[in-house]
Amino acid sequence: KQWDKCLKQDCPFQWQRKERMFLEGEKIACRSSQDSYCFFSRQTFEKLLIANRGEIACRVIKTCKKMGIRTVAIHSDVDANAVHVKMADEAVCVGPAPTSKSYLNMDAIMEVIKKTRAQAVHPGYGFLSENKEFARRLASEGVTFIGPDTHAIQAMGDKIESKLLAKNAKVNTIPGFDGVVKDADEAVRIAREIGYPVMIKASAGGGGKGMRIAWDDEETREGFRFSSQEAASSFGDDRLLIEKFIDNPRHIEIQVLADKHGNALWLNERECSIQRRNQKVVEEAPSTFLDPETRRAMGEQAVALAKAVKYSSAGTVEFLVDSSKNFYFLEMNTRLQVEHPVTECITGLDLVQEMIRVAKGYPLRHKQTDIPINGWAVECRVYAEDPYKSFGLPSIGKLSQYQEPLHVPSVRVDSGIQQGSDISIYYDPMISKLITYGSNRAEALKRMEEALDNYVIRGVAHNISLLREVIVHPRFVQGDISTKFLPEVYPDGFKGHKLTDLERRELLATAASLYVAEQLRSQRFLGTARIPVAKSKRSSWELSVRLGDGIYPVAVSKDGSSFSPCLVSQQVEVDGMKLNVTSEWNLASPLLSVTVDGTQRTIQRLSRNASGDTNIQFLGTVYKLQILTKVAAELSKYMPEKAAEDTSSILRSPMPGAVVAVSVNPGDTVSEGQEICVIEAMKMQNSMIAAKTGKVKAVHCKAGDTVGEGDLLVELE
């Protein structure tokens with residue numbers, strides 16, 4: 001068929017030797033009797049629409065460009081200037097910001113497909129990626145869905161049906177209730193029969209949404225309510241199922257790839273145990289926990305399940321693995337996973353390209369024995385979230401400064417934003433996926449540490465500090481992890497990096513050196529010293545640096561014959577110990593490289609003011625310091641301090657979002673821990689509770705209101 005296509009094209013050669021045609025990747029190379037060559041790409045699609053936004057839309061567009069496929073982007077009105085819109089060959093608005101009116105608006109998307117004459121649709125992940133009705137409508141219009149057929153989507157997308165099919169395919173499954181839970185009372189009855197703890201989750205769900213763990217009857221009722229609401233909001237399907245919650249498990253998934261000719265492969269595993277609110281935060285491939293026998297057994301069961309439903313495309317079979325390496329089927333995601341880049345790194349495959357080829361009808365190009373594990377890859381999900389609030393409550397705003405660490409070797413960044421982009425309340429708060437690769441795990445983690453230190457994100461809160469702490473934690477480094485890692489390591493919540501005495505001295509010396517460098521620069525004008533009122537050759541500075549609850553005297557002196565405006569080398573005395581600080585101090589750069597006693601660090605100074613206050617990102621965590629001269633520090637004792645607000649009688653929104661429900665009215669008596677209202681942000685619902693027992697004085701919000709971080713919600717007497 002490919003030969004016939006070639007003959008129909010305007011080929012300059014007279015084809016006399018058909019046997020001399022050969023393949024090179026995705027291109028057909030034909031050679032004439034004169035030993036000249038003609039190349040043409042293997043035909044897939046001329047135009048493809050991406051029914052998604054953000055980084056995954058950009059990811060698909062990149063592969064399409066490589067394959068010579070024209071792309072169509074869809075967007076909401078608030079995404080009109082988004083990166084994926086600029087990258088695509090064409091872009092069409094499908095509605096206003098709410099997902100139900102734009103990215104989930106099938107009618108509008110179908111109209112765009114007709115208007116642009118797109119031949120295929122890649123759904124990315126989330127939104128309509130596992131919606132069987134969308135796939136069915138595309139098929140009825142003769143448009144190819146880049147994914148499995150509707151039967152597989154329905155079978156595997158429905159957690160209840162998928163569990164039954166998994167049992168029939170002899171895949172290990174978790175004990176639980178195989179039907180649909182009708183109401184909260186039935187949920188409690190089923191939970192008691194299974195035995196606590198139980199997992200309540202959306203039948204049509206994924207990505208941690210519509211999922212709750214319940215340890216008793218009260219939590220089951222509450223979990224049923226929240227899970228059904230989140231499921232309806234995220235997937236348009238509020239059906240729930242309940243199964244036994246396996247305590248302290250690992251979350252390990254197998255990537256599968258299957259074609260329409262009965263061929264299926266497993267592309268090794270991904271370790272996804274570091275999670276918060278059932279959403280993955282750090283992933284890696286391969287897993288430190290699996291031995292070759294367990295890996296093969298999991299892979300073979302994943303392929304058996306894929307073949308049982310005649311699956312064709314890239315998909316992921318997720319398992320829970322206990323401490324004895326017993327594994328249980330969790331669910332199958334009939335789409336591309338967020339964390340697919342780590343698999344691409346260790347196998348060398350482009351999964352988006354493979355999906356497109358399979359959708360066109362081509363057989364797989366590889367056999368199971370061709371699939372390698374080359375090196376190690378780690379992925380960190382960088383979110384616009386405040387990690388100090390429940391390991392990450394959403395943050396919104398404009399990216400005033402943004403710089404990806406692409407100068408670090410073996411770093412890949414999948415993002416859909418740029419400097420000036422807005423992070424809004426309407427969509428997932430992910431900024432990017434940061435991936436590092438190494439010949440082994442230690443190398444990959446070291447590069448991730450360096451990449452996180454060199455990542456510049458300003459304008460919104462982000463979780464860089466949490467990510468960095470996770471990857472350097474001794475338990476993580478040793479591979480001793482589970483889905484309970486975060487609550488076990490940080491039982492009182494994440495507080496940032498805890499400085500050792502040595503690190504504290506390094507930070508104080510660095511901050512003092514930076515302060516002096518800036519003072520010297522301010523004395524010069526265009527590289528020339530300003531005309532001083534009185535000539536002064538200063539060679540030392542006595543400073544007072546406040547860090548946390550401590551105030552530390554710090555002395556800085558020149559190390560060498562002269563100072564330059566960029567202090568090359570200084571000696572800084574902290575706690576009676578002398579440290580050598582060396583840096584070029586390029587104060588115009590967001591990234592500052594400094595060496596303290598031979599240890600190189602990359603820091604970021606985020607802000608400063610005339611009062612000596614400065615925020616420095618050091619070892620991933622932002623530290624607030626105040627740097628004053630000795631005289632100014634003495635005088636500052638007489639400055640009045642603003643009294644902290646008493647928050648026990650008020651409830652402020654900890655995040656921007658929309659008010660879903662208000663459970664109290666003025667005059668009501670509430671108990672400590674009682675729900676007052678529910679805030680939805682980035683498609684996740686959060687229950688706001690009373691900090692103490694009291695009487696409601698005033699309610700400042702109602703269902704449907706949009707609130708910002710810090711907005712007053714309720715007052716108590």
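1. Strands here are DSSP runs of E, at least two residues long, numbered from the N terminus. In this predicted model, Ser273 sits in strand 13, which covers residues 264–276.

2. Is Ser273 buried or exposed? Buried: its relative accessibility is 0%, and the cut-off for that label is under 20%. A polar atom of the Ser273 side chain is 2.9 Å from the backbone nitrogen of His251. Beyond the neighbours within four places in sequence, Ser273 also has Arg250, Ile481, Ser482 and Thr483 among its contacts.

3. On to charges. Side chains of opposite charge can pair when their charged atoms come close. Searching the whole structure turns up 50 salt bridges.

4. Take Glu186 and Arg189, with 3.3 Å between the closest N and O atoms. Both belong to helix 8 (residues 184–194), and they are about one helical turn apart because three residues separate them. Glu186 is buried at 14%, while Arg189 is partly exposed at 41%.

5. Arg468 and Glu449 also form a salt bridge, 3.0 Å from N to O. This one links distant parts of the chain, helix 14 (residues 464–472) for Arg468 and helix 13 (residues 441–453) for Glu449, with the two 19 residues apart. Arg468 is buried at 4% relative accessibility, and Glu449 is buried at 18%.

6. Glu518 pairs with Arg605 at 2.9 Å, N to O. Glu518 is buried at 11%, and Arg605 is buried at 18%.

How values were computed. Residues numbered from 1 in each chain as written. Predicted model: local features only at pLDDT ≥ 70, side-chain atom pairs only at ≥ 80, totals over all residues. Heavy atoms only, no water. Helix = DSSP H or I, 4+ residues; strand = E, 2+ residues; numbered from the N terminus. Buried < 20%, exposed > 50% of the residue type's maximum accessible area, 1.4 Å probe, protein only. Polar contact = N/O pair within 3.5 Å; in protein donor to acceptor, adjacent residues only side chain to side chain. Contact = heavy atoms within 4.5 Å. Salt bridge = Lys/Arg side-chain N within 4 Å of Asp/Glu carboxyl O.
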